[in-house]
Amino acid sequence: MHSVAVTGLGVVAPHGDTPETLFAALLRAESAIHPVFPELPKPAAAATVDFDAARWFTKLQLAGVDRVSQLAVAAADLAMRDAGLEAGAVDPERIGVFAGCGMGGAAALDAAYRGNGRVPPLTIPAFMPNAPASHVAMRQRAQGPVLTYSVACASSSLAIAEAAKAVQRGEVDIAIAGGSEALIVPGVVLAWQAMQTLAGFEPGEAATAVRPFAADRSGFALGEGAAFLVLESAEHARRRGTRVYATLAGWGSSCDATHLTKPDAEGQARALRQALKQADLKPGDVGYCNAHGTATRIGDVVEREALALVWGEQLDGLRVSSTKALHGHLLGAAGALEAVITVMALRERQLPPNAHCASPDPACALNLVREADVQAPALEAAISSSFAFGGTNSALVFTR
């Protein structure tokens with residue numbers, strides 16, 4: 001069984017389109033969340049991407065390509081370039097694409113609903129959830145397995161785990177693994193508001209509306225973007241003489257099997273334990289957790305309970321932060337973006353702070369990363385968690 005190396009990172013995120021730009025903004029606790037859709041009855045906020053499709057597509061190529069696929073193509077291309085993989089460098093039958101996408105092409109559906117009876121003929125291929133993976137495959141000439149995972153907020157984390165399995169077993173030489181989401185359209189925002197999961201805010205306070213683990217938290221803000229990692233075996237990376245960011249040492253998945261939207265601590269703990277076991281690590285070996293941390297009243301408490309079940313008396317030694325306070329909740333792409341952030345934390349030995357949490361909730365007692373204390377000079381291992389509607393849980397462990 002092969003060791004799985006991370007050799008390329010690509011992001012198209014609310015904070016920019018390089019991992020370094022993204023990570024530096026997070027270290028500064030710079031929020032990308034801002035008001036959107038002032039025409040809606042209730043104030044709404046989201047983190048959007050400043051994306052120029054012309055960098056990646058001609059006008060002709062854009063026909064029938066939803067924003068969710070555009071972002072995916074760009075992020076995957078940046079990851080492949082970062083890994084030093086030019087076209088033809090690897091047998092295309094040995095390249096796989098493993099992509100997470102929670103809801104597909106929302107902009108295409110929104111345009112169809114608002115088209116006054118005129119529905120664009122390419123609406124179906126534009127909004128299907130596997131369109132991003134297919135477009136990435138076509139752009140990268142990937143002729144191996146091209147798979148889409150749609151399990152809500154765990155989609156891209158699970159996609160990365162499944163890609164790692166394929167690399168570990170020698171089924172592919174290169175795995176392009178990650179996810180994309182582009183749901184910032186009025187209908188989707190209204191639907192999330194109806195669930196009462198989005199953060200409320202006063203005028204001028206949208207940027208600080210999301211407060212994970214805080215006593216005054218009220219929910220999350222949607223985000224959009226895409227993130228992909230290039231995975232390959234450590235042996236393959238050595239033969240290519242390429243840089244390795246980190247090792248994807250362990251992964252775990254589980255299902256709560258209790259409720260469609262209410263999380264379960266024991267279910268989450270099962271995924272965390274599996275990931276640690278796969279990595280052959282004890283809880284105390286892991287110095288940082290990029291938490292799912294949606295800033296919902298129930299979710300944050302349950303996640304703290306899950307961490308306590310696994311770390312026990314060593315919980316105080318685990319530093320924790322949720323970066324959703326700054327880049328929003330990317331739903332199907334959240335796990336991939338947060339995996340990139342976790343890898344960058346390991347590489348830089350710095351931790352993004354848990355922003356906007358002036359008064360932590362006692363029920364969420366954790367060793368939260370503070371803005372004035374982001375250094376982690378001894379960091380050797382970190383974990384990224386993704387817990388989804390539907391009860392699916394995913395955890396990824398990275399090591400230096």
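Reply: In this predicted model, helix α5, residues 131-140, lies across strands β4 (95-100), β5, β6 and β8, and runs at about 155° to β5. Another helix, α2 (residues 67-82), lies across β1, β6 (174-181) and β8, with a direction about 135° from that of β1.

The strands named here belong to an open sheet of 11 strands with mixed pairing, whose order is β5-β4-β6-β8-β1-β9-β14-β13-β10-β11-β12. Its edges are β5 (146-149) and β12 (367-368); each has a single partner strand, so one side of each is left without a neighbour in the sheet.

Within this order, β1 (residues 4-12) and β8 (residues 225-233) run antiparallel and are joined by 8 bridges.

Helix α1 (residues 19-27) packs against helix α12 (residues 334-348) at an angle of about 80°, and their axes are 10 Å apart. Because angles of 65 to 115 degrees count as roughly perpendicular, α1 and α12 are therefore described as roughly perpendicular to each other. On the α1 side, the contact involves Pro-19, Glu-20, Leu-22, Phe-23 and Leu-26. These meet Leu-337, Val-340, Ile-341, Met-344, Ala-345, Arg-347 and Glu-348 of α12. The residues of this contact comprise 9 nonpolar and 3 charged, with no polar ones.

Terms used
Residues are numbered from 1 along each chain as its sequence is written. This is a predicted model: local features need pLDDT of at least 70, side-chain atom pairs count only at pLDDT 80 or more; totals for chains, interfaces and linings use all residues. Side-chain values use heavy atoms; hydrogens and water are left out. Two strands pair if DSSP finds at least two bridges between them. Helices (H or I, at least four residues) and strands (E, at least two) are DSSP runs, numbered from the N terminus. Contact means heavy atoms within 4.5 Å. Axes are lines fitted to C-alpha atoms, for helices over the stretch in contact, and angles run from 0 to 180 degrees between N-to-C directions. Angles under 35 degrees count as roughly parallel, over 145 as roughly antiparallel, 65 to 115 as roughly perpendicular and the rest as oblique. Ala, Val, Leu, Ile, Met, Phe, Trp, Tyr, Cys and Pro count as nonpolar, Asp, Glu, Lys and Arg as charged, and the others, Gly among them, as polar.
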